[in-house]
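Please look over the sequence and the model below before reading on. The paragraphs that follow take up a pocket, a helix and a loop.

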Amino acid sequence: MIRIKTPREIDKMRRAAQITAAARIYAGKMIAPGVTTKEIDKATESFIRSQGAIPSCLGYGGFPASVCISVNDEVIHGIPGKRVIRDGDVVSIDLCAGIEGFIGDCAATFIAGKPRSEEDVKLLSITRQAFYEGLKYARPGYRVSDISAAVQQFVEANGFSVIRDYVGHGIGSEMHEEPEVPNFGKPGHGPRLVKGMTICVEPMVAAGGWPVRVLGDDWTVVTRDGSRAAHYENTILITDGEPEILTLPEPEA
Ligand code: MF3
Ligand code: CO
């Protein structure tokens, strides 16, 4: 069942999403050569709590941290730890914050220090733009897979691939609600988009092929071919017209 949010619930979603977006900025500013992923996680957790919110990823399905930090060939669900970020690393952060029973969710990818290649820079910008390509269809009159198809077409037209094994999702009082929002598929399928739906559109893009595997820590998802990956996500609200990006403001890419 897709939960349509009331105006009161939407206000709470906005609040949660604003804190989530601020936490993304906070974590993004910390990404630099020499910093450990655990340091970013711990400081960002403190930031979220200082806003009166809860880091909703912590303990979710047993996830052991507040921020998913995925480096280079890691696509999503990287566990923060002793790993030291190096110059040129491609670092994705994905986090959630909950307040008054509602949750915001967003992600972004950054390059620490000096980019190693033009391809890495392009990977980040295509992934981010893919979100906006999908957003064009995030309004009544379209269906979920119209978003999916727009993301896939844009990414593949630019020579990259979209991850198939993980998808975007509805969000509200639960981090993951219906509907699923894939980043691939043919247009014209899936639920119709309706005012009051809150969903996460989150392109996960690999520079090489899309097959992935999960590491022995049972969380970290990496590309099978070792190619680098990027992730960009916002929580959005379907309205009568233009969708509202709830997880703004955002950092410059
Ligand atoms: N924020 C992620 C998403 O986009 C989920 C993180 S998994 C968790 O759906 F275990 F860390 F919570
Ligand atoms: Co999400």
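Ala, Val, Leu, Ile, Met, Phe, Trp, Tyr, Cys and Pro count here as nonpolar, Asp, Glu, Lys and Arg as charged, and the others, Gly among them, as polar. The model is predicted, and local features need pLDDT of at least 70. Residues are numbered from 1 along each chain as its sequence is written.

By that classification, the lining of the largest pocket divides into eleven nonpolar, four polar and four charged residues. A pocket is an open set of points on a 1 Å grid over the protein atoms alone, where a 1.4 Å probe fits, with protein on both sides within 12 Å along at least five of seven lines; lining residues have an atom within 4 Å of a point. Of the 19 residues in this lining, H77, D94, H169, M175 and H176 lie nearest the centre of the pocket.

Helices are DSSP runs of H or I with at least four residues, and strands are runs of E with at least two, numbered from the N terminus. Helix 1 covers residues 7-30. Its buried residues (under 20% relative accessible area, 1.4 Å probe, protein chains only) include I10, M13, A17 and R24. The buried residues of helix 1 pack against helix 2 (37-50), strand 4 (90-99), strand 5 (102-111), strand 9 (198-201) and strand 14 (234-237), with contact meaning heavy atoms within 4.5 Å.

Y142 sits in the loop between helix 3 (118-135) and helix 4 (144-157). Its relative accessible area is 32%. Leaving aside residues up to four places away in sequence, Y142 touches K136, Y137, R192 and L193. The C-alpha atoms of Y142 and V194 are separated by 8.9 Å, though the two are 52 residues apart along the chain.

Key
Chains lettered and ligands numbered in written order. Predicted model: local features only at pLDDT ≥ 70, side-chain atom pairs only at ≥ 80, totals over all residues. Heavy atoms only, no water. Expected span 1.5 Å × (residues − 1). Buried < 20%, exposed > 50% of the residue type's maximum accessible area, 1.4 Å probe, protein only.
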